[in-house]
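Q: I'd like to learn how to read a structure like this one. Could you walk me through it, a feature at a time?

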Amino acid sequence: MARNNRRDRYSSPGNLAKEKLVPYVTAVLEEPEIKEYSEISPDESEGSYEGACLGAALIPVPLGWGLLHCTVRDKRGRRARVTLATDDLTYHRAFIGAASLESRGERLDLAMARYPYIRRGWPGPLRQGGSWPHGDHIPWRPTYCSACPDMNTASHLHGVQVSVSKEVRGICAVFCEGASGAKWTMLDDEPVQVLSKILIPNPDSPDSRVEFHVPPGAAVMPGWPLLGDIRRCLSPDCA
């Protein structure tokens, strides 16, 4: 008897453009249990920091990212894997340090407002407990409502997107943040289904540009590739 192929429960949705549509679904964290922790930072990443961020679908920010690998109760009451992310690496390290003390004697509550991003699964090879399949984009979502991006105050810059297949196209990179300050970078076009790089002018230095890689199928990534506020776009496309 022929066996039906079961759809990968971690595969991306058919229409990835929907990833950019707000409202985002606010995650419900039922009975979170922290199992592991890690960080992606310039001084801790093995090999390329930019490559490590690419593997997690995160924008390379100056200080790096802190990750908590947890299990939560899903709708069926089973334990499901999720990863929480923060760009406040100082808090992340302080929390891990306090949580690791055997003599603390009291339960340590996590300040969820410090971890505004959530993604299904854990990183790493499947046989080693991971659940982020290689090459399969799993979107990040806001952990709570005030982390959702406010499109009314968004800024943008125009540049180009270059794929590994040598395709080049114009792109608009949109930068927005939630009421809590959670920063998001969105690409205002259909997602490219192969690895690509974004090249945009640096508004703080006209002679340089900002570059970051985008995983296949990604339309939204946590973080900004620039420090501070984004100035008004001066591209002829916006005239």
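This is a predicted model: local features need pLDDT of at least 70, side-chain atom pairs count only at pLDDT 80 or more; totals for chains, interfaces and linings use all residues.

Q: How do the side chains of Glu 33 and Lys 35 meet?

A: The general idea is that side chains of opposite charge can pair when their charged atoms come close. Here, Glu 33 and Lys 35 form a salt bridge, at 3.2 Å from N to O. A network of salt bridges links Glu 33, Lys 35 and Arg 79.

Q: How many salt bridges does the structure hold?

A: There are nine salt bridges. One of them joins Arg 169 to Asp 189, with their closest N and O atoms 3.6 Å apart. That pair links distant parts of the chain: Arg 169 sits in strand β7, while Asp 189 is in the loop between β8 and β9, 20 residues apart. Asp 189 is partly exposed, because its relative accessibility is 30%.

Q: Which residue forms a salt bridge with Glu 211?

A: That would be Lys 197, and the closest N and O atoms are 3.4 Å apart. This pair also links distant parts of the chain, with Glu 211 in strand β10 (residues 205–214) and Lys 197 in strand β9, 14 residues apart. Glu 211 has a relative accessible area of 40%, so it counts as partly exposed. Lys 197, at 26%, is partly exposed too.

Q: Now for His 69: is it buried or exposed?

A: Use the cut-off from before: buried means under 20%. His 69 comes out at 6% relative accessibility, so it counts as buried. You'll find His 69 in strand β2, which covers residues 65–73. Its side chain makes a polar contact with the side chain of Thr 83, at 3.3 Å. If you skip neighbours within four places in sequence, the residues in contact with His 69 include Glu 33, Lys 35, Tyr 37, Val 82 and Trp 122.

Q: And why is Ala 173 called buried?

A: Ala 173 is buried because its relative accessible area is 0%. Look for Ala 173 in strand β7, residues 168–177. Leaving out neighbours within four places in sequence, Ala 173 is in contact with Ser 155, His 156, Leu 157, Met 186 and Leu 187. Take Leu 157: it is 16 residues from Ala 173 along the chain, yet their C-alpha atoms are separated by 5.4 Å.

Q: What about the nonpolar cores? How many residues does the largest one have?

A: As a general idea, in soluble globular proteins nonpolar side chains tend to be buried together. In this model, the largest nonpolar core has 24 residues, and Ile 40, Leu 58, Trp 65, Tyr 117, Trp 140 and Trp 184 have the most contacts inside it. Two or more residues come from each of α1 (49–55), β2, β7 and β8 (183–187). Strand β7 gives the most to this core, with three residues. Another core, of 17 residues, lies apart from it, and Ile 59, Phe 175, Leu 187 and Cys 233 are among its members.

Q: Let's finish with Tyr 117. Which residues does Tyr 117 touch?

A: Not counting residues up to four places away in sequence, Tyr 117 touches a list including Trp 65, Thr 83, Trp 140, Arg 141, Trp 184 and Pro 222. Trp 65, Trp 140 and Trp 184 are also among the residues with the most contacts inside the largest core.

Conventions
Residues are numbered from 1 along each chain as its sequence is written. Side-chain values use heavy atoms; hydrogens and water are left out. Helices (H or I, at least four residues) and strands (E, at least two) are DSSP runs, numbered from the N terminus. Buried means under 20% relative accessible area, exposed over 50%, partly exposed in between (1.4 Å probe, protein chains only). A polar contact is a pair of N or O atoms within 3.5 Å; within protein, one must be able to donate a hydrogen and the other to accept it, and residues adjacent in sequence count only if both atoms are side-chain atoms. Contact means heavy atoms within 4.5 Å. A nonpolar core is a set of buried Ala, Val, Leu, Ile, Met, Phe, Trp, Tyr and Cys residues joined through side-chain atoms within 4.5 Å. A salt bridge is a side-chain nitrogen of Lys or Arg within 4 Å of a carboxyl oxygen of Asp or Glu.
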